[in-house]
Amino acid sequence: MNIARDPVSLGRALARARRRGESIGFVPTMGSLHEGHAALIRRSLQTCRRTVVSIYVNPLQFESASALRRYPRSPQRDLSMLRRLGVDVAYCPSSGVFPPDPILRVSDRRVSHLYEGRLRPGHFEGVLTIVAKLFLQVRPTHAFFGEKDFQQLWLVRKLAEEFPFGLRLISAPTVRDPSTGLACSSRNRFLSAPGLRQAAWINRAIREGAKMAAVNGRPAVIESAVRRRLRARDIRVQYVSIVDTRNFSRPSRLSARRSYRLLAAALIDGVHLIDNAPVHPARRS
Ligand code: AMP
């Protein structure tokens, strides 16, 4: 496996693949790799001739210096996992590669200030700015993102649709702990044993909420049922909302002709956790 720390060595590592016109799959990550990342990487390895995984804890997407400092890092473990999986290139940009306070940034006007963006102002601008730069450096034919970060996936999809990067964006379902259903996350390691048990309720509650859509077409009713369920377990709810996946707006009634997602975020042991589930409303005459 090649380890590149700047765009020049990345270009060198990919030169032959580019000359031959091989497909290049790209999985951007912030490291601290877990099974969720591994699933995206396997998908890229199956789909593309070459696979590049970036590991970069992006300072622009953190709301504070302390949140950035606290983010878990395990570079050696990550690199051995990438080697084991059979990744071609690990791109680990050194600190000088991206300007710390860029003048130009990629932002959107409609969705970035909602939900995660409301809790973490500037977060998505930071994500989109770095993802765009990584796309320009890696020049992948395919890029892989997880449904776990549903709002991020939606925004990156827009980025790939509206800017001509010439890549195909592929999303993969959320990988969960098989026994509890808790979505794998780098942050789960900060949870205490009781916190882990509480966290498992997030997925249970949103799945139950999503099921309610078969009998109840009112998002407000479903959202408050989910909130109640979480609060009953002493979980601090940050948001629970159903969004239309086409434009990320919150519908007042569900329609069987549309596709929706139930999003939730909660704070457990001071750790910010997110999850989401598809919502399939019943057909009504
Ligand atoms: P991160 O390292 O948290 O920035 O995540 C890198 C990529 O992995 C993003 O596309 C995430 O959506 C994806 N990801 C993180 N956790 C999971 C999970 N549990 N299942 C599937 N994809 C995930």
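This is a predicted model: local features need pLDDT of at least 70, side-chain atom pairs count only at pLDDT 80 or more; totals for chains, interfaces and linings use all residues.
Of the 285 residues in the chain, 52% are buried. The C-alpha atoms occupy a box of roughly 55 × 45 × 40 Å along the principal axes. The radius of gyration of the chain is 19 Å, which agrees with the value near 19 Å that a compact globule of 285 residues would have. The secondary structure consists of 9 helices and 9 strands.

The ligand is surrounded by 17 residues, and the closest of them are Met-30, His-37, Asp-149, Val-175 and Cys-184. By residue type, this shell divides into 8 nonpolar, 7 polar and 2 charged residues. Polar atoms of the protein approach the ligand at several points. An N or O atom in the side chain of Asp-149 lies 2.7 Å from an oxygen atom of the ligand. A backbone N or O atom of Gly-146 is found 2.9 Å from a ligand oxygen atom. At Val-175, a polar backbone atom is 2.8 Å from a nitrogen atom of the ligand. On its own, the ligand has 490 Å² of accessible area, and the protein covers 93% of this area. Two or more residues of the shell are contributed by each of strand 2 (24-29), helix 2 (35-47) and strand 5 (142-146). Helix 2 provides the largest share, with 3 residues.

Two residues were examined for their backbone geometry. Most residues other than glycine have a negative phi. Arg-139, by contrast, has a positive phi, near 45 degrees, and is not a glycine. This residue is placed in the loop between helix 6 (123-138) and strand 5. Arg-139 has a relative accessible area of 51% and is therefore classed as exposed, since the exposed class begins over 50%. A positive phi, of about 55 degrees, is also found at Asp-269, which is likewise not a glycine. Asp-269 belongs to the loop between strand 8 (260-268) and strand 9 (271-279). With a relative accessible area of 42%, Asp-269 is partly exposed, because this value falls between the limits of 20% and 50%.

Two further residues lie within helices. Gly-209 is part of helix 8, which spans residues 193-212. Its relative accessible area is 2%, so Gly-209 is buried. Leaving aside residues up to four places away in sequence, Gly-209 touches Ile-222, Val-226 and Leu-262. Between Gly-209 and Arg-229, the separation is 20 residues in sequence and 9.4 Å in space, from C-alpha to C-alpha. Ala-67 is located in helix 3, residues 65-70. Ala-67 counts as buried because its relative accessibility is 9%, and the buried class covers values under 20%. The C-alpha atoms of Ala-67 and Ala-4 are 26 Å apart in space, while 63 residues separate the two in sequence.

Methods
Residues are numbered from 1 along each chain as its sequence is written. Side-chain values use heavy atoms; hydrogens and water are left out. A residue is near a molecule or strand if one of its heavy atoms lies within 4 Å of it. A polar contact is a pair of N or O atoms within 3.5 Å; within protein, one must be able to donate a hydrogen and the other to accept it, and residues adjacent in sequence count only if both atoms are side-chain atoms. Accessible areas come from the Shrake-Rupley method with a 1.4 Å probe; for residues, only the protein chains shown count as cover. Helices (H or I, at least four residues) and strands (E, at least two) are DSSP runs, numbered from the N terminus. Ala, Val, Leu, Ile, Met, Phe, Trp, Tyr, Cys and Pro count as nonpolar, Asp, Glu, Lys and Arg as charged, and the others, Gly among them, as polar. The radius of gyration is taken over C-alpha atoms; the globule rule is 2.2 Å times the number of residues to the power 0.38. Buried means under 20% relative accessible area, exposed over 50%, partly exposed in between (1.4 Å probe, protein chains only). Contact means heavy atoms within 4.5 Å.
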